[in-house]
Amino acid sequence: MRLIGDGVVDRDGVTGLARRLGYSVRQIERAMQSELGAGPLAIARAGRAQSARTLIETTTLPLAQVAHASGFGSIRAFNEAVQEVFAMTPSQLRAAKAGRGEARGHDASPWQRLSLRLPFRAPFHPDNVFGHLATTGVPGVEEWRDGRYRRTLDLPGGAGIVELSPTPDHVRADLALTDLADLTVAVSRCRWLLDLDCDPEAVDAALAEDPLLAPLVRRTPGRRVPRTVDSREMAIRLVLGQQVSTKAARTHAGRLVATYGRPVDDPGGGLTRLFPGPEALLQAGDESFAMPVTRRETIRSLCRVLADGALDTSAGADRDEARQVLGAVPGIGPWTVESYAMRALGDPDAFPGTDLGVRIAARALGIEDKPRVIESASTRWRPWRSYAVQHLWATGDHETNRLPEKDIS
């Protein structure tokens, strides 16, 4: 499902999906029919139909362009899918929205702009997610401005920019895309970034069974895990952040971005680059890394693993295999591996038990500050330890735990 949401079926077909997963097309079809009642093509088609509806209702693009941007191979397939999913034709959807005066004109600039509502399951406590993203934001790639988190996106069809802001019943997403066909992928990555598809009631109910965590869960239910829009970027940033302050990590990353990131012309100003890929960083000289030699070599070793594909960073990556590959890179230990599993792989049970914030919080809860003791205590929070970490981090007075009161860039 994560691979389909990231556009694999649209780009490579069901054959490509099966190849990525190591199964036959028939096995994939049978398994998805059994578990979900629909095959991969139907699920991808429904996603395209939703993208089409967004474009129909929020732009005045000709419907033929909407069909192409949504990933449909023909106008007929576009019309049939929209009619089947929404019980209305594309023209009827546009007329209904036009009657409410909400459609916007086509943007003549290189950027195609859309405004969306990203729904979530309540409760949703946005402070730690947005606070973390804003406070750790890399200059040029991310910023917090006017109550919105803004960042650049490296999408299959080109660059994108998104502005995300929380409201009581949804997250508003303002997108600027160079290729409208990237809409489905962009939305999927934004939802992943904010962990919007989490089932908070199930998580909170399980964690609240522990008397130590119950008061924390009652105080702020619905915490989410701050994730990433790019797993390769997250791996590099975690190594940059090893044993240094948040400010220092931002500074290191910002220097690399300014030198090696691809330029982006932000229509809103403020953002300037995409985060550089491992291939670009492998060309960086020693002077680009203002850090100890050992960490510099760790980054280079990691970039080689990322560049040659040894570490699967796709939406469908196997978590156990990724842990093994990442953990084998010299200079990468349990903290980096578990942080990557939590934020890039979306493992709900990742647990960076050696993290300083986790250790301080555990000690405050009466858990002895020893790795084995903390690890043993954490078994009570399985299989939701990633969410337990969010509650533990929030016991400290750190800016990552709250929405910023001022702009950060």
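## A loop residue with positive phi

D146 is found in the loop between β2 (142-145) and β3 (148-155), where helices (H or I, at least four residues) and strands (E, at least two) are DSSP runs, numbered from the N terminus. The phi angle of D146 is near 55°, a positive value in a residue other than glycine. With a relative accessible area of 55%, D146 is exposed; buried means under 20% relative accessible area, exposed over 50%, and partly exposed in between, for a 1.4 Å probe and protein chains only.

This is a predicted model, in which local features need pLDDT of at least 70 and side-chain atom pairs count only at pLDDT 80 or more, while totals for chains, interfaces and linings use all residues. Residues are numbered from 1 along each chain as its sequence is written, and side-chain values use heavy atoms, with hydrogens and water left out.

Is D195 buried or exposed? D195 is buried, with a relative accessible area of 2%.

The peptide bond from A122 to P123 is cis, with omega near 0°, and P123 lies in the loop between β1 (112-118) and α8. Another cis peptide bond joins R382 and P383, with omega about 5°, and P383 is found in the loop between α19 and α20.

Helix α8 (residues 127-135) has eight of its nine residues buried, so it is largely enclosed by the rest of the structure. The buried residues of α8 are N128, V129, F130, G131, H132, L133, A134 and T135.

L403, in the segment after α20, is in contact with P126, D127, F130 and W144, leaving aside its neighbours within four places in sequence; contact means heavy atoms within 4.5 Å. The C-alpha atoms of L403 and H132 are separated by 8.5 Å, although these residues are 271 residues apart along the chain. At 30% relative accessibility, L403 counts as partly exposed.

In helix α19 (residues 371-378), I374, A377 and S378 are buried. Seen down the axis of α19, its buried residues fall within an arc of 100°, so they line one face of the helix; the arc is that of the directions from the helix axis to the C-beta atoms. An α-helix has 3.6 residues a turn, so residues three or four places apart point the same way. What covers the buried residues of α19 includes α18 (356-364) and α20 (385-393).

Helix α10 (residues 200-207) and α20 pack at an angle of about 70°, with their axes 10 Å apart. Axes are lines fitted to C-alpha atoms, for helices over the stretch in contact, and angles run from 0 to 180 degrees between N-to-C directions. The two helices α10 and α20 are therefore roughly perpendicular to each other, since angles under 35 degrees count as roughly parallel, over 145 as roughly antiparallel, 65 to 115 as roughly perpendicular and the rest as oblique. Where α10 and α20 meet, V203, D204 and L207 in α10 face Y387, A388 and H391 in α20 as contact partners.

H252, whose place is in helix α13 (residues 246-260), counts as buried at 12% relative accessibility. Leaving aside its neighbours within four places in sequence, H252 is in contact with L240, A290 and M291.

Q65 lies in helix α5 (residues 63-69) and counts as partly exposed at 42% relative accessibility. The C-alpha atoms of Q65 and L55, ten residues apart along the chain, are separated by 9.5 Å.
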